[in-house]
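Open the structure in your viewer and keep the selection tool ready. Each stop below names what to select and then says what is there.

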Amino acid sequence: MAKDGDNGWKEYVWNPRTREFLGRTASSWGLILLFYLVFYIFLAGMFCLTMYVMLQTLDDHKPKWQDRLSTPGMVIRPKADEYYEITYNTQKTESWDMYAQTLDKFLSPYNNTAQVEKNNVCKPDEYFKQEDSGEVKNNPKRSCQFNRTILDECSGITDRYYGYQEGKPCIIIKLNRVIGMLPGKDGQAPFVTCGAKKEDNEKIGELQYFPPNGTFNLMYYPYYGKKAQVNYSQPLVAVKFLNITTNEDVNIECRINANNIPTGSERDKWAGRVSFKLRINTI
């Protein structure tokens with residue numbers, strides 16, 4: 001009985017009398033394989049055709065759809081860690097030198113020589129619009145110069161330590177890039193203001209902004225995208241803390257102010273603002 005059972009499954013795998021493999025002849029297997037080959041080639045062709053048609057509707061230089069917040073985010077440099085805490089001791093060089101080095105690296109693309117080489121001198125206080133002419137793309141777009149000397153005492157040129165060694169540190173602020181955004185209206189440029197959280201109101205001391213009034217000049221907008229505007233230099237604002245309370249934590253919030261940019265939203269309460277903690281130890 002065992003032998004008959006063994007012969008049964010062996011004949012199912014390969015039957016020498018009918019020349020069938022797994023119950024099918026060679027021609028049957030050939031037709032099945034041919035069917036699936038044609039079927040999958042058809043599916044692959046349909047997929048490629050669909051992708052090709054879809055890609056023809058896209059612009060290489062500008063996204064077709066933008067699902068973004070109405071308010072751009074803000075970031076600071078130096079960014080010490082994910083918690084935005086900047087802590088150092090004026091008496092210990094190694095505790096603040098890393099911040100100066102981070103700012104040096106961040107500002108190197110803004111060196112005057114680099115900006116003169118790749119960007120244009122633009123007319124300030126008005127948008128630098130570069131529209132396409134129908135189907136003719138005006139690419140690559142030109143970009144306006146932002147020289148680090150604009151940041152004056154926070155440029156790292158007159159003070160290579162950015163004020164950290166004397167307890168008057170500089171913080172650099174930038175807005176996230178948003179294609180096509182026109183911040184401000186009626187000639188009013190957006191500007192940055194910083195202040196202490198309620199509990200630290202008396203600790204923050206006097207602030208100094210560079211450029212004056214902490215403005216993002218209108219000539220740096222609109223932004224046309226990384227591919228269309230390859231040499232774009234984001235405008236920056238520097239804040240210098242002149243006499244902040246030392247040896248204590250000071251919680252600070254900076255925000256963008258513009259007559260057409262709301263701060264915060266239901267989707268992101270931190271839109272248009274950034275918070276960080278600054279602590280300068282002297283002992």
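This is a predicted model: local features need pLDDT of at least 70, side-chain atom pairs count only at pLDDT 80 or more; totals for chains, interfaces and linings use all residues.

**The core**

Select Tyr164, Ile173, Val192, Cys194, Phe241, Ile252 and Phe276. These residues have the most contacts inside the largest nonpolar core, which has 58 residues. In soluble globular proteins, nonpolar side chains tend to be buried together.

Which residues is Phe241 in contact with, leaving aside its neighbours within four places in sequence? They are Gly167, Lys168, Pro169, Ile171, Ile204, Glu206, Leu207, Ile252, Phe276 and Leu278.

Next, select Phe35, Tyr36, Phe39, Tyr40, Phe42, Leu43, Met46, Leu49, Tyr52 and Val53. Together they make a nonpolar surface patch of about 1,100 Å². One of them, Leu49, has its place in helix H2, residues 26-56. Select Cys48 as well: this residue is partly exposed, with a relative accessible area of 49%.

**Salt bridges**

Nine salt bridges are found in the whole structure; three of them are visited here. Side chains of opposite charge can pair when their charged atoms come close.

Start with Glu85 and Lys277, whose side chains meet in a salt bridge at 3.7 Å, N to O. Glu85 belongs to strand S4 (residues 85-89) and Lys277 to strand S10 (residues 273-281), so this pair ties together parts 192 residues apart in sequence. Glu85 has a relative accessible area of 31% and is partly exposed.

Move to Asp249 and Arg279, which form a salt bridge through their side chains at 3.1 Å, N to O. This pair links distant parts of the chain, 30 residues apart: Asp249 is in the loop between S8 and S9, and Arg279 is in strand S10. Asp249 is partly exposed at 29%, and Arg279 is partly exposed at 24%.

Then select Lys203 and Glu248, where another salt bridge spans 3.1 Å, N to O. Lys203 sits in the loop between strand S6 (191-196) and strand S7 (207-210), and Glu248 in the loop between strand S8 (237-241) and strand S9 (250-257), 45 residues apart. Lys203 is partly exposed at 21%, as is Glu248 at 34%.

**Disulfides**

How many disulfides does a search of the whole structure find? There are three.

- Select Cys122 and Cys144, which are joined with an S to S distance of 2.1 Å. The link is left-handed, with -100° about the S-S bond. Both cysteines lie in the loop between helix H4 (112-118) and strand S5 (170-175), so the pair ties together parts 22 residues apart in sequence.
- Select Cys154 and Cys170, whose sulfur atoms are 2.1 Å apart. This link is left-handed too, at -75°. Cys154 is in the loop between H4 and S5 and Cys170 in strand S5, so parts 16 residues apart are tied together.
- Select Cys194 and Cys254, joined at 2.0 Å, S to S. Here the link is right-handed, with 110° about the S-S bond. Cys194 is in strand S6 and Cys254 in strand S9, so the pair ties together parts 60 residues apart in sequence.

Are these cysteines buried or exposed? Cys122 and Cys144 are buried, Cys154 and Cys170 are buried, and Cys194 and Cys254 are buried.

Conventions:
Residues are numbered from 1 along each chain as its sequence is written. Side-chain values use heavy atoms; hydrogens and water are left out. A nonpolar core is a set of buried Ala, Val, Leu, Ile, Met, Phe, Trp, Tyr and Cys residues joined through side-chain atoms within 4.5 Å. Buried means under 20% relative accessible area, exposed over 50%, partly exposed in between (1.4 Å probe, protein chains only). Contact means heavy atoms within 4.5 Å. Patches are made of residues with over 30% relative accessible area and no salt bridge: like charges are joined within 9 Å, nonpolar side chains (Val, Leu, Ile, Met, Phe, Trp, Tyr) within 5 Å. Accessible areas come from the Shrake-Rupley method with a 1.4 Å probe; for residues, only the protein chains shown count as cover. A salt bridge is a side-chain nitrogen of Lys or Arg within 4 Å of a carboxyl oxygen of Asp or Glu. Helices (H or I, at least four residues) and strands (E, at least two) are DSSP runs, numbered from the N terminus. A disulfide is a pair of cysteine sulfur atoms within 2.5 Å.
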